[in-house]
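Biologist: Before we discuss any single feature, could you put the model on the screen and take me through how to read it?

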Amino acid sequence: MIRPIIAANWKMHKTIPEAVSFAKQLKEEFPEPGNVDIVIAPPFTALSSVMEVLKDSPIHISAQNMHWGEKGACTGEISATMLVDAGCGFVIIGHSERRTLFGETGGMLNKKIHAALKSGLTPIFCMGETLEERESGATFRIIRKQIKEGLNNITSDDIRRVALAYEPIWAIGTGKTATPLQAQEAHRFIRETIATDLEYAHASETVIIYGGSVNPENTGSLMDQPDINGALVGGASLDFGPFADIIKISER
Ligand code: PGA
């Protein structure tokens, strides 16, 4: 039985007091572990303050990015060890905004995943196609390439600790969600690809979450799909009400 993940990706939003106040509300509303793992990804600046609030709660903290190095002359970067130190259990790797705005390549993401796993973090590894790629019929080819590059040389034992996120780029922040069937088809393909191409025997247990304009209205039909095991929520995670609703709908 897969335990779903509902993750909030706050991107470049929220000051420390805003993040702390949201975390307090979340802790109050969800004091005990439910049927889903709740993860929030605040900006770096708010990580340790949010950790102070959530340290005795079942809610997990994620970073939105990291560097693959342990330490050194890397101005502006943060290592996996630093994230663990700040209270993170998860890290988002390969979000399309990192790939497109900051030129992160499959090879870089692979190094990040190795480093995250070595430090005990659970990577949430994102993949997905552009609208152009979807319209030209290249969706599956692109996803397969992203999986092969990102998960290169990750052992079977380690893949157990990786969560995958399918985020079609055309659905991120646009209000256009993939239909539940489009998303299911991509999730199924991802599961099959890690089973066949990576020869991973436990693909049926891998958590594959969907991201791209998830909101309380579409959560139910997405979560009804057999290969969709949760959501990575951007815009609708910024306000407490809609995010709490998405969690409650997913717990049904
Ligand atoms: P969105 O973002 O929910 O605002 O589309 C999702 C994401 O980028 O992870």
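This is a predicted model: local features need pLDDT of at least 70, side-chain atom pairs count only at pLDDT 80 or more; totals for chains, interfaces and linings use all residues.

Biologist: Where does S62 sit, and is S62 buried or exposed?

Modeller: S62 belongs to strand β3, which spans residues 60–63. Buried means under 20% relative accessible area, and S62 counts as buried because its relative accessibility is 1%.

Biologist: How should I read S79, and is S79 buried or exposed?

Modeller: S79 lies in the loop between β3 and α3, the latter covering residues 80–85, and with a relative accessible area of 5% S79 is buried too. Its contacts, once neighbours within four places in sequence are set aside, are H67, G69 and E70.

Biologist: What should I expect of the nonpolar side chains, and how many residues has the largest nonpolar core?

Modeller: In soluble globular proteins, nonpolar side chains tend to be buried together. Here the largest nonpolar core has 66 residues, and L26 and F243 are those with the most contacts inside it. Beyond four places in sequence, F243 touches I6, A7, A8, F22, L26, I38, V39, I40, V233, A236 and S237. A second, separate core has 14 residues, among them A7, V39, I124 and I209, so that touching F243, as A7 and V39 do, should be read apart from core membership, since a core is joined through side-chain atoms.

Biologist: Turning to the ligand, which residues come nearest?

Modeller: Of the 13 residues around the ligand, K11, H95, E167, G173 and S213 come nearest, and the shell divides into four nonpolar, seven polar and two charged residues. An N or O atom in the side chain of K11 is 2.7 Å from an oxygen atom of the ligand, and for the side chain of E167 the corresponding distance is 2.7 Å. G235 contributes through its backbone, with an N or O atom 2.8 Å from a ligand oxygen. On its own the ligand has 280 Å² of accessible area, of which the protein covers 95%.

Note on methods. Residues are numbered from 1 along each chain as its sequence is written. Side-chain values use heavy atoms; hydrogens and water are left out. Helices (H or I, at least four residues) and strands (E, at least two) are DSSP runs, numbered from the N terminus. Buried means under 20% relative accessible area, exposed over 50%, partly exposed in between (1.4 Å probe, protein chains only). A residue is near a molecule or strand if one of its heavy atoms lies within 4 Å of it. A polar contact is a pair of N or O atoms within 3.5 Å; within protein, one must be able to donate a hydrogen and the other to accept it, and residues adjacent in sequence count only if both atoms are side-chain atoms. Accessible areas come from the Shrake-Rupley method with a 1.4 Å probe; for residues, only the protein chains shown count as cover. Ala, Val, Leu, Ile, Met, Phe, Trp, Tyr, Cys and Pro count as nonpolar, Asp, Glu, Lys and Arg as charged, and the others, Gly among them, as polar. A nonpolar core is a set of buried Ala, Val, Leu, Ile, Met, Phe, Trp, Tyr and Cys residues joined through side-chain atoms within 4.5 Å. Contact means heavy atoms within 4.5 Å.
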